[in-house]
Amino acid sequence: MPLEIVRNDITKMKVDAIVNAANKSLLGGGGVDGCIHRAAGPELLAECRTLGGCETGSAKITKAYKLPCKYVIHAVGPRWQDGGHGEKDKLTSCYKTSLDLAKENGCESVAFPLISSGIYGYPKDQALKVAIDTISEFLFENDMTVYIVIFDRKAYQIGEKLFSDIEEYIDDNYSEEHTDNIRERRRRLNLSEEDAALNVENRLEVMPMMASKASALGLSLDDAMKQIDESFSQMLLRKIDEEKLTDAECYKKANIDRKLFSKIRSDVHYKPSKATALAFAIALELPLDETKDMLMKAGYALSHSNKFDIIIEFFIQSGNYNVFEINEALFAFDQSLLGA
Ligand code: AR6
């Protein structure tokens, strides 16, 4: 997944470079800066002393010493005043300069903390938006795996309005399913425990349907197999053509890396994960019925029995197909993210 939000201590990230939220002196401090210097050991400070400080909005790179990564990129974020002192431009510039430095140094993976959102007081939801917007813009032009590392639960907030809209949507749709007793539903459907076990995970009853349809038409199983539908990969490639997208436009919008896309393109029977199938439906901006159709081709369905599906449905119904914003919301609700 090119852009991923994870909960971790950044000093534990096994990536090519981690980014430090430093100050202009580059000589260490509190917060994530303190953690990084402690974990890297005193040689990091010795190298930092040779750099002559750094301007706000810019970044400098050093080796990583005892850390499990190769480089530390020291970025100096702005102090939040009131939002009217160029804070956003300076924060954007921090991310851009750090990503350019990572690229120049051949890094394939980079992890960022939420720069400026701690001691420097930048509102966390706005800091996160700057991070996501700037990184995703960079990823449209470049191949890299970028992590936004969130340290503690409190550090993470999506906009309050979006959060409460999604919560309401989940309440309306999720509770409706869960007030219904599962045994009762099984009884109504006339399913035994074993039948029910076979039905888990949205498995579709395609084969029995095909078999009974085929036998009603007097067809053999061989004949029935010849009527096999367009596969997931065929539908995906057809839709990309219909939408007049390039392959790269599509996989980047889906937050899927190029290698995985090539696999899907070259294997007509490729079976993607549900998160991958949905990511492509989002990239293609499919309406709900077509999203369900595309998922079905990969053997999945959308249901109101889990929050992940309801959140995806919420975004499709709202016409918001920004995979990064969807992932932000999925992360806030502790769900797995869209992409590979
Ligand atoms: N891993 C990931 N994120 C972390 C970690 C960690 N180990 N520790 C804290 N964070 P801050 P700033 C998060 O205050 O606001 C220093 O003194 C934290 O929850 O470290 O840019 C420098 O020397 C928050 O969301 O950096 C500067 O003087 C985010 O990292 C000043 O602080 C950034 O918080 C910079 O302030």
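This is a predicted model: local features need pLDDT of at least 70, side-chain atom pairs count only at pLDDT 80 or more; totals for chains, interfaces and linings use all residues.
1. Strand β4 covers residues 71–76 and is mostly covered, with 5 of its 6 residues buried.

2. Strand β2, which spans residues 17–22, runs parallel to β4, and 6 bridges join the two. Within this pairing, Ala-22 has Val-76 of β4 as its bridge partner.

3. Strand β3, formed by residues 59–63, is also joined to β4, here by 5 bridges and in an antiparallel arrangement. Ile-61 stands opposite Ile-73 of β4.

4. On the cysteines, the whole structure was searched for disulfides, and 0 were found. Cys-35 is partly exposed, at a relative accessible area of 23%. Cys-48, by contrast, counts as buried, with 1% relative accessibility.

5. The last point concerns helix α13 (residues 274–283) and helix α15 (residues 307–317), whose axes come within 12 Å and cross at roughly 5 degrees. Because angles under 35 degrees count as roughly parallel, α13 is described as roughly parallel to α15. On the α13 side, the contact is made by Lys-274, Leu-278 and Ile-282, and on the α15 side by Phe-308, Asp-309, Ile-312 and Ile-316. By class, the residues of this contact comprise 5 nonpolar and 2 charged, with no polar residue.

Definitions and conventions:
Residues are numbered from 1 along each chain as its sequence is written. Side-chain values use heavy atoms; hydrogens and water are left out. Buried means under 20% relative accessible area, exposed over 50%, partly exposed in between (1.4 Å probe, protein chains only). Helices (H or I, at least four residues) and strands (E, at least two) are DSSP runs, numbered from the N terminus. Two strands pair if DSSP finds at least two bridges between them. A disulfide is a pair of cysteine sulfur atoms within 2.5 Å. Axes are lines fitted to C-alpha atoms, for helices over the stretch in contact, and angles run from 0 to 180 degrees between N-to-C directions. Angles under 35 degrees count as roughly parallel, over 145 as roughly antiparallel, 65 to 115 as roughly perpendicular and the rest as oblique. Contact means heavy atoms within 4.5 Å. Ala, Val, Leu, Ile, Met, Phe, Trp, Tyr, Cys and Pro count as nonpolar, Asp, Glu, Lys and Arg as charged, and the others, Gly among them, as polar.
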